[in-house]
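Please open the structure in the viewer and keep the selection tool at hand.

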Amino acid sequence: MVKNLFISVISQKEANRGSVEFQVFSFTNKIRRLTSHLELHRKDYLSQRGLRKTLGKRQRLLSYLAKKNRVRYKELIGQLGIRETKIR
């Protein structure tokens, strides 16, 4: 619950909605909503597909950010509480 509060505060404060950080925040919100939905509706295959696509988009954005600015990447995954991605 604290993470969602943090994300909503950041999204209201953030003026640059096109930034990588904001996009990752919004994808993380969407992933958490879809995950909670799929806990109740296990056979909702279209939502499962949407979750996989959203996870892929977030993965690509995080790998881009890790290549461009490692410090911002570390701060972002620390704030969101997500695992570090493997960089190819």
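## The whole chain

Read along its sequence, this predicted model follows the pattern α-α-α-α. The chain holds four helices and zero strands. Of its 88 residues, 32% are buried. Among the contacts with a separation of 6 or more, 47% join residues 24 or more positions apart.

Next, colour the chain by pLDDT. The average over the chain is 86, and 78% of the residues score at least 70. Select helix α1 (residues 2-13): its mean pLDDT of 55 is the lowest among the elements of the chain, whereas α3 has the highest, at 96. Where pLDDT is low, the predicted coordinates should not be read in detail.

## Helices α3 and α4

Select α3 (residues 45-68) together with α4 (residues 70-80). At what angle do the axes of these two helices cross? The crossing angle is roughly 135°, and the axes come within 6 Å. At this angle α3 is therefore oblique to α4.

Now display the side chains where the two helices meet. On the α3 side, select Leu62, Leu65, Ala66 and Lys68; on the α4 side, select Arg70, Arg72, Tyr73, Leu76 and Ile77. The residues of this contact comprise six nonpolar, no polar and three charged.

## Glu21 in helix α2

Move to helix α2, which spans residues 20-40, and select Glu21 within it. Is Glu21 buried or exposed? Glu21 counts as buried because its relative accessible area is 17%, under the 20% cut-off.

Show the surroundings of Glu21. Apart from neighbours within four places in sequence, Glu21 is in contact with Leu65, Arg72 and Leu76. With Arg72, Glu21 makes a polar contact between side chains, at 2.5 Å.

## Leu51 in helix α3

Return to helix α3 and select Leu51. Leu51 has a relative accessibility of 14% and so counts as buried.

Which residues does Leu51 touch, not counting those up to four places away in sequence? The residues are Ile31, Leu34, Thr35 and Leu38.

Terms used:
Residues are numbered from 1 along each chain as its sequence is written. This is a predicted model: local features need pLDDT of at least 70, side-chain atom pairs count only at pLDDT 80 or more; totals for chains, interfaces and linings use all residues. Side-chain values use heavy atoms; hydrogens and water are left out. Buried means under 20% relative accessible area, exposed over 50%, partly exposed in between (1.4 Å probe, protein chains only). A polar contact is a pair of N or O atoms within 3.5 Å; within protein, one must be able to donate a hydrogen and the other to accept it, and residues adjacent in sequence count only if both atoms are side-chain atoms. Contact means heavy atoms within 4.5 Å. Axes are lines fitted to C-alpha atoms, for helices over the stretch in contact, and angles run from 0 to 180 degrees between N-to-C directions. Angles under 35 degrees count as roughly parallel, over 145 as roughly antiparallel, 65 to 115 as roughly perpendicular and the rest as oblique. Ala, Val, Leu, Ile, Met, Phe, Trp, Tyr, Cys and Pro count as nonpolar, Asp, Glu, Lys and Arg as charged, and the others, Gly among them, as polar. pLDDT is the predictor's confidence in each residue, from 0 to 100.
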